[in-house]
Amino acid sequence: TVSVLYWGEMTEVAVPPAEHAGPELDEDLEAELRERENEINDTVRDMGRLRGEYAFNLRKLQDSFYPRVFPYLNAVHMSEYYQTMLASEITWLEQKVIAMEQHKAGFFELRDMAAAKKQLFDSLAPQFEDALLRMQQVTRDELAVLRGYDNPPQVVLDTIATVMTVRGEEDTSLEAAKVILSETYYYSFFVAKCRNRVKAELTEAQADALERYLLNPESDPEKVARASTPCGAMAMWLVALNLHFHYQRITEPKKETVDEAKERLMQLRLKQQEKREEVRGAKDKLDELNDEMRAAERELRERYDLTMVPLHDTFLDAHRQFNDIFASPPRERASE
């Protein structure tokens, strides 16, 4: 058998046995075989055309929903980003309050929170190292594709611009970035410099640029990787880098009483709850739109099935008839 692609799934089709191939066919059978072969080729061509047309219309349908979906997707993404930041700060402050109550007047934050701080940064290390590894594993061909873009997707431009910004470069364009994306520099220096970027604080402008990038739902590393593998790895690094400096900010020692720390903790919890509440409606609307889009996709599929299914049946019937004629014993062919 051979496999034939049909609606993204493979269909097994029998192939005539090779031992019967030969010149024994009379003219009528040869003509019939040619007719079946032409029918098969015509059907395959029609199926391929419809499949391409269906894929085009499906993408067009999905793109038409995006302007309606994006505001809610953006709201959910931003809320989840802030909730992640708040959750880590709340956890840290909870640990600090416990330590303050244990040590009372003898509480010294640098000493008494050192173990908790190490645990927090250790939890980030695998994510940071994975991003650096992905950057190092980028192939030369993938780098060449990135350097060769004439009209790159916006998410590629945004990722490159943010990377260049946190590196302290004035020119954040892709054209300027092509220097650091050259094979010699990228593999020898770029990844190492990304590793060492945590040694110097971000400026306020750099921190703002990094957060603006991460607040865009299109900056999700998996989405970025679909446009460019190297940029997907850089996006992973930017996420980890942002968390690193966020952890530095929240663990910075603060002179406050235990009551003040508890009040700050309560305010953070209230803010976290507000973020959860304010995004609930957006999530519900996003679910509605996703359901509507899936229903439209099913309807589109069903419309094409009305044509594709008969074509598929014709294709299989023509194959079976072709194989029956081709595989019949020579003596039967002669008697016909």
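In which helix is Ala-161 found? Ala-161 belongs to helix H5, which covers residues 154-166. The structure is a predicted model. The protein chain holds 12 helices and 2 strands, and 38% of its 336 residues count as buried.

**Overall layout**

- Read along the sequence, the protein chain follows the pattern β-β-α-α-α-α-α-α-α-α-α-α-α-α.
- Among contacts in the protein chain with a separation of 6 or more, 80% are between residues 24 or more positions apart.

- Ala-161 has a relative accessible area of 21%. Buried residues are under 20% and exposed ones over 50%, so Ala-161 is partly exposed.
- Ala-161 and Ala-177 are 16 residues apart along the chain, and 8.5 Å separates their C-alpha atoms.

**Helix H10**

- Helix H10 runs over residues 229-251 and has 23 residues.
- At 1.5 Å a residue, H10 should span 33 Å. The C-alpha atoms at its ends are 34 Å apart, which agrees with that expectation.
- H10 is mostly covered, as 19 of its 23 residues are buried.

**Nonpolar cores**

- The largest nonpolar core has 60 residues. The members that touch the most other members are Met-135, Ile-160, Leu-181, Tyr-186, Phe-190, Met-234 and Trp-237.
- H10 supplies the largest share of this core, with 13 residues.
- A second, separate core has 14 residues, including Val-76, Val-279, Ala-282 and Tyr-304.
- Which residues is Trp-237 in contact with, leaving aside its neighbours within four places in sequence? They are Phe-128, Ala-131, Leu-132, Met-135, Val-163, Val-166, Cys-194 and Arg-197.

**Aromatic pairs**

- The count of aromatic pairs comes to 6.
- Is Tyr-81 buried or exposed? Tyr-81 counts as buried, because its relative accessibility is 11%.
- Tyr-82 has a relative accessibility of 27% and therefore counts as partly exposed.
- Tyr-186 and Tyr-187 form another edge-to-face pair, at 5.2 Å centre to centre and with 85 degrees between the planes.
- Both Tyr-186 and Tyr-187 are buried.
- Tyr-186 and Tyr-187 form one aromatic cluster together with Phe-190.

**Largest pocket**

- The volume of the largest pocket is about 580 Å³.
- How many residues line the largest pocket? The lining has 20 residues, of which Arg-59, Tyr-66, Glu-218, Lys-223 and Arg-226 lie nearest the centre of the pocket.
- Helix H1 (27-103), H5, helix H9 (221-227) and helix H11 (258-327) are the elements that give two or more residues to this lining.
- H1 gives the most to the lining, with 7 residues.

Key. Residues are numbered from 1 along each chain as its sequence is written. This is a predicted model: local features need pLDDT of at least 70, side-chain atom pairs count only at pLDDT 80 or more; totals for chains, interfaces and linings use all residues. Side-chain values use heavy atoms; hydrogens and water are left out. Helices (H or I, at least four residues) and strands (E, at least two) are DSSP runs, numbered from the N terminus. Buried means under 20% relative accessible area, exposed over 50%, partly exposed in between (1.4 Å probe, protein chains only). The expected span of a helix is 1.5 Å times one less than its number of residues. A nonpolar core is a set of buried Ala, Val, Leu, Ile, Met, Phe, Trp, Tyr and Cys residues joined through side-chain atoms within 4.5 Å. Contact means heavy atoms within 4.5 Å. Rings of Phe, Tyr and Trp (its six-membered ring) pair if their centres lie within 6.5 Å; planes under 30 degrees apart count as stacked, over 60 as edge-to-face and the rest as tilted. On a 1 Å grid over the protein atoms alone, a cavity is a set of points where a 1.4 Å probe fits but cannot get out, and a pocket is an open set with protein on both sides within 12 Å along at least five of seven lines; lining residues have an atom within 4 Å of a point. Grid points are joined across faces, edges and corners, and a volume is the space filled by probe spheres set on the points.
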